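The following exercises concern one protein model. Each task is followed by a solution in steps.

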Amino acid sequence: MFLMHGFFFFNDGATDQLHAGKRARLLVDGSEEETEEGILTLQRDEYLFDDLCGDATFCKEDSMGSEIERGSWGLLDARLLARVFHFLRVDIRSLVYAALTCKHWRSGVKFYKDISKQADLSSLAPNCTDPMIWSIVNGYNMEKLTALVLCGCTSITSGMLEEILRLLPCLSSVDIRGCSQFEDLPQKFPNINWVKTRGTQSKLRSLKHITEESTSVNNNYNGVDCQDSCGLKEYLESLSKRDAANQLFRRSLYKRSKLFDARSSSSIFSRGAHLRRLAIKKSGNGYKRMKEFLASSLKDIMKENAFNFFVPKVAKIEDRMKSGYYASHGLSSVKEDISRMCRDALKVKNRGDTRDMNRIIDLFIHLAISLEGISKSSLEKDETMRTRKEESPPGFYSASSKFKKLNKVAERKNLNRSNGSSFSNGGSVYGDYASDREIRRRLSKLNKASMDSGSETSDDHERSSEETQTESESSASDTESDLDLRSEGGGGQSGENASFTADDGLDFQADDREWGARMTKASLVPPVTRKYEVIDHYVIVADQEEVQRKMQVSLPEDYAEKLIAQKIGTEESDMEIPEVKDYKPRKQLGDEVLEQEVYGIDPYTHNLLLDSMPGDSDWPLLDKHLFVEDVLLRTLNKQVRDFTGTGNTPMKYPLRPVVEEILRTAEKYHDKRNLKVCQFILNAMDSRPEDNYVAYRKGLGVVCNKEGGFGEDDFVVEFLGEVYPTWKWFEKQDGIRSLQKNSKDPAPEFYNIYLERPKGDGDGYDVLVVDAMHKANYASRICHSCRPNCEAKVTAVDGQYQIGIYTVRPIRYGEEVTFDYNSVTESKEEYEASVCLCGSQVCRGSYLNLTGEGAYQKVLKERHGILDRHRLMIEACERNSVSDEDYIELGRAGLGSCLLGGLPDWLIAYSARLVRFINFERTKLPEEILKYNLEEKRKYFAEIFEDVERTEAEVQAEGVYNQRLQNLALTLDKVRYVMRCNFGDPKRAPPPLEKLTPEEAVSFIWKGEGSLVEELIQSMAPHMVDSVLNDLRLNIRAHDPSGSCSDDIQRELRKSLIWLRDEVRNLSCTYRCRHDAAADLIHVYAYTKWFFRIRVRVQGRNFPPVYISPLDLGPKCTGMLGSGLHEYCKTYGENYCLGQLIFWHSQANVEPDCSLTRASRGCLSLPDVGSFYAKVHKPSRQRIYGPRTVKFMVARMEKQPQRPWPKDWIWLFETSPKIFGSPMFDTVLDETPLDKEMVHWLKHRPPIFLAPWDR
C-alpha cells in the first residue's frame, strides 16, 4: 500500500542536496529560466510522527459502539492507529474512508488531524472544489497547520484559497504546482513560501507571433474597441506587422494540417481512431467482467432464496446472459429485467400468496445498482497496454514494462475486491427488513437511473447545449455551500460498492452506442431507399433573387496573382479563394457508375478481423488495414450487388462467403499472402463462434463501374438538390421537430449539405443549404467514409458556385465511391444514431461530428458568458455605427457585402465584436484542446509525442474557428429575415437594447406603472392591515427620489431604496409573507447601477408556411401522421431577434427568446418582488428562505455571476421582462468587482424570521 502511494525516505543530507539542486534551461527565445527540482518533496515527508505526536493524548468518544461494530480493527492501540493515518496523509480519501469505519477510527482520524501540520489535497486534484477544501481544512487544527499541498487542484477558486489562508496563522508554505488560477496570491501573501512550476504555460509556436502582435482586443480581451481616431491610427500603423504574423501562422498551420490529412497519409492514425479502438477492446472485456459478476451474484442470492417465484425468473436471466442477449442490448436491459422481476414479486407478495420476501427483493435491487458501478470499472488496462504494442501507429511508443506491471497489480486488487463482494452473508446494504414503501422507492430510483444511463440525450430539442446545462446546473441540487463526506471521499459506501467505483474506465454500453462497437438498435433501422425526382440543375425553393446572388461568383481583383501564389506555395492568406473549374460532364449512371446495394463493417468488426489475421512480421498493421478496406470490402459489394431492387435485402450479410471468394481467387492466381490471411480468418471464424463476423447494410450507394477506374482529381458528379436560404431551412427543421416531438425513434436520414461561399470571394462568405431529399441526382446516394476516395468541394463553374464531387486518389473498378460528409450536429441523439460503416482504419464511429461539448467550448463558456454577450450588444447599440476597425476585422474574417449588405449599423458593429471574440478564442483554444487531449491519451499511453498532439490541437481549433463563423452567418441570415418581415427594410430595424436614464430608472423602480414599489405594495396588501399599509404608502411618497433637490438622482434613488429596505425588514413575517426576503431584494436593487430596456419586439404576424412530407419525417412517423404534406407555420417570439443574436453560437434553439429568459434569471434579470408573498395557505419547500438560501445567493453573485439562479427555489421571474439589470451585469459593464458594501450587508445582517423548514 505504501509503495503505491509513492513514499520515499531521504536522509537529511540527501534532502538538502535535493532542495539545493537547480539548473537553467534555455527557452525558445534564448532566455534562461531557473527551475527548482527540489520542490518535489516540499514538506510532504518533513514531519516525523513522533515529533507531531509529542505529549498529545488520544481521547476516545464517549460511545464507542458495540463489539460487533468495532470488530478486531477497533481494538488497535490509539497511537499505532494514528501512526497508520500518518502514512495515509497524502491520500485524503483514505482518511475519509477510515473515519467511516467505526467511532474508534473516527476518533483516531480526528486525533491525527488535530496534531497534523500539513494538509495534502493533491490526491483529489481537479475533483477538489471550493466547498470540499473548506470542509477538509475545517477538520484540521488551524493553529498548527504550516503547509498546504494543492498540486493540480484546478477547480479551487482564488477567492476561496485567499479566505482559507487568512484563517491559518502559522502557514509557511503552499504547493500550487499546476494551478495557474492562484497567480495573484503570492503578491498578497509574501510571507508564505509558494511552490510553483515556472514556465509551464507553454505557448504554441505557431501562435506565438499572433498573440504578441495582435490587436489590443486579442491581447487582453474585453470586448471594447479602440476609441476615436487615435486608436484607429495606431491600429492601422501596426496592421502590416500583424498581417505578417498572421500569415506566418496560417502558412505553417496549412502545411501541418495537410501532413495530418488522413486522405493523404493512410499510415497515420487519427487520435480518435486509436482511442476508440482501445475503448472497444476495453468494452468487450468489461462485458465479460459484468457477466462473471452477475452469474456469481445470482448464485449467492439464490442460496438464500426460499421462494419458488424467483426460480424461473432468475433462470430466464441466466439464459439471456449465456445467449449473449445482454451483449447486444446493453446494461440497461439487465437492470430492466431485474427491476421487472422485483415489481412482479411485490405484486405476488401483496396477493398474499407468499410470506415476506422483502430481503430477497432488496438483494436483487442492490445487485442492479452494483452493476452500474462495474460497467465503469477499468479492470483491463494491462490488456490494453499489452495489445497497444503491436498496434502502435507511427509517433507513439508502447507502454513500458513497469507501467504494465503496476496495472496488473491494480487489476489483482480489483479482482480480489470484486470477488469478495457477496450478496449472501453480508446482508442487504439497506437492512434486512425494508418496508414495501421503501422498496418501491428504491425501485423507482433504479428505474430512473436506468433511463438516464440509457440515453443522455434530452428530449427537449428547443434548448441549446448551453441552456440545457444551465437548467441542470440550476436545479435544487445546486447547493454548492453544502458538503458531506461523500463529496469529499466518494461517500460512505460499503466495500462492495467501493470495488466498482470508476478510475478512468468507459461504460461499455456507452462505447457500443457511440462507436458502433456492436450494432445498436438505432443503426439497425432499415435504410430508406427513397425515390427522388431526377434533376440536372439546382432548384431554388425561396428568395429566388437573393439565393441567385449568393450563388454568383465574384472573383477578387487580384485573383490571378493569388492563384499563382497559391500554386507555388507563397499565398499568405488563410482565406480560400474561389476554385475555378472548366465545365465537365458528370459520370454516366449505368455506364461509368452504378447505383447498388452496398454493405459495410463497423469498427468492432474491423478490429475483429485484425485480431484474426496472422501476427508475424510478414503482415504489418498497415497491410492488414489495406486488406480489409480494399480487398474485402470490394469483394463484399461485388457479392451483394444482386440484392439491388429485389426488395428482400438482408440487414446483415455474413463475411465467411466473402473471405472464401478471396481465398479461391488467391489460389487461382497463386497469391500466397492473401491465401494465408484468408486461412487464418476462416480458422478464427470456426474457433470463435460467439463472435459475429458480419457486414451491415448501408442502403443504396455508388460504385465505380469503369474497367480502368477513375484517376486522381477526376470530376465525378455535382451534388444537386433544392437550394434553401438558411432561414427557410431551419424553419423546416423546426417543423420536423415539432411533428416528431413525441417520437423516440432516431432522426430520419438526411441528404442536405451546406454550400459555403469561399471567404476569399470578392463579396465574402455566406451559406446556403442544398437538400437532395426530394429532387436530386445520384450524388445523393454516395455514402460517407472516414477515409474517402472523393471530396465534395465548392467550385466556380461558368460564374456560379456548385458542389462538385472530385476524386482524391485513383478509384479501382468495383470500389465504392465515397466522400467525408464533414457534418456536425449539436444533438447527441442524432450523433449516436449515425453509426459509421465505412470500415476504414481511421473510422470515427459516426458519420457526424458532435460539437458543443468538452474542450471546444471551454473558452466560450469562460470568456463569453451571457453577461459578456449582452455587454457587446449594449456597446454596439449605443454606438450604432461601424468604425473602420470593425470593417477591417470583418474583412479579415472573410465577411463582406454578400452577408452584411443591407444590415443595420448596430448589427454590423455587433458582428465585428463577435468576430473579435472568435479571433481571441482562436488563439486560446489550441492550448485547452491540447490539455484535454493529453489527459485523455494518458489514460492509455505511457509516452506521448506532445508536438504531434500540439499540431493536432491547432488543426482542431481551426475547425472550431470555421464553425463559429458559420454559426454567425446562419444567425445573421435568420435575423435578417425576421427584421425584413417586420420592418420591410432590415436597415430600418432600431437597436434592440437601450440604457435607461436616471429619471427613467426612478420611474421603473419607484413610481411608474408596474414599478417595483407598486408591485411590492400590491403583493403586501393581502397580508397587512389597511392602516399599516396606508402609512407605508404615505412614507414612500415622502421618499420619492425624483422630488429631491440633488442633481445626483441615482444616489438619491439608492438612499430611498435603502430606507425602504429597512422599513420592510421591520414588518412582521409569516411563512406566507416574507418581508425579510423582499428587503434583501430591495437591497440588491439599491446597488444596481444600470438598467436597460428591450426596444425591438417581433410583431405577431402570419409567416409563410413550409411544407413537410412523410419522407422528411421518417418511415415511422408516416403511419402516425398520414401520407400527405404537412403545413407548418413558424411562430417567432417577440424577443426572437435578441435571443438569436445572444445565442449566436448555437443553432439548436427553436425558441432562443425563451432560452434567453431562462438563462437571464437572477444574473441579468432580478426576481419579482412578489416571489416572497404566497397566494396559497399551504407551505411548501419552495417557500424556503433561510441562511442557506441567502448564502447560496451571495455565493452565486460572487463566484458564478453569469449563471442563472435556480427555477425551483423561492424566486419567481417574469416570462418576458421588458427591463433588466443587476449588480453582476454592472461589474461586467464597468469592469469593476462586485460592490463590497452590498455583499457585506447580505452576509452579516441578522435573520429576523426562520420558518421550521428554513432550518
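Axes are lines fitted to C-alpha atoms, for helices over the stretch in contact, and angles run from 0 to 180 degrees between N-to-C directions. Helices (H or I, at least four residues) and strands (E, at least two) are DSSP runs, numbered from the N terminus. The model is predicted: local features need pLDDT of at least 70 and side-chain atom pairs count only at pLDDT 80 or more, whereas totals for chains, interfaces and linings use all residues. Residues are numbered from 1 along each chain as its sequence is written, and side-chain values use heavy atoms, with hydrogens and water left out.

**Exercise 1. Describe the packing of helix 41 and helix 42.**

Step 1. The axes of helix 41 (residues 1012-1020) and helix 42 (residues 1026-1038) are 11 Å apart and form an angle of about 170°.

Step 2. The two helices are therefore roughly antiparallel to each other; this class holds angles over 145 degrees, while those under 35 count as roughly parallel, 65 to 115 as roughly perpendicular and the rest as oblique.

Step 3. Contact means heavy atoms within 4.5 Å. Helix 41 contributes Val1013, Ile1017 and Met1020, and helix 42 contributes Leu1029, Leu1032, Arg1033 and Ile1036.

Step 4. These contact residues divide into 6 nonpolar, no polar and 1 charged. Here Ala, Val, Leu, Ile, Met, Phe, Trp, Tyr, Cys and Pro count as nonpolar, Asp, Glu, Lys and Arg as charged, and the others, Gly among them, as polar.

**Exercise 2. Which residues have the most contacts inside the largest nonpolar core?**

Step 1. A nonpolar core is a set of buried Ala, Val, Leu, Ile, Met, Phe, Trp, Tyr and Cys residues joined through side-chain atoms within 4.5 Å. Buried means under 20% relative accessible area, exposed over 50%, partly exposed in between (1.4 Å probe, protein chains only).

Step 2. The largest core has 127 residues, and Tyr910 and Trp1211 have the most contacts inside it. Helix 38 (residues 905-937) gives the most to this core, with 15 residues.

Step 3. Leaving aside residues up to four places away in sequence, Tyr910 touches Arg869, Leu872, Met873, Ala876, Leu1141, Ile1142 and Trp1144.

Step 4. Under the same exclusion, Trp1211 is one of the residues that Thr1189 touches, together with Ile1184 and Trp1209. Thr1189 lies in helix 49 (residues 1187-1199) and is buried, with a relative accessible area of 2%.

**Exercise 3. What is the strand order of the open sheet of 3 strands, and which helix packs on this sheet?**

Step 1. The order is 23-24-27, with antiparallel pairing; two strands pair if DSSP finds at least two bridges between them.

Step 2. Strand 23 (993-995) and strand 27 (1219-1220) each have a single partner strand, so one side of each is left without a neighbour in the sheet.

Step 3. Strand 24 (residues 1092-1094) is joined to strand 27 by 2 bridges, and Phe1092 has Phe1220 as its bridge partner.

Step 4. Helix 35 (residues 866-879) packs on the sheet, touching strand 23, strand 24 and strand 27, and its direction makes about 80° with that of strand 23.

**Exercise 4. How do the strands of the open sheet of 4 strands pair?**

Step 1. The order is 3-4-5-6, and the pairing is parallel. Strand 3 (118-120) and strand 6 (193-195) are the edge strands.

Step 2. Neighbouring strands are turned by 10° against each other on average, direction ignored.

Step 3. Strand 3 is joined to strand 4 (residues 147-149) by 3 bridges, with Gln118 opposite Ala147.
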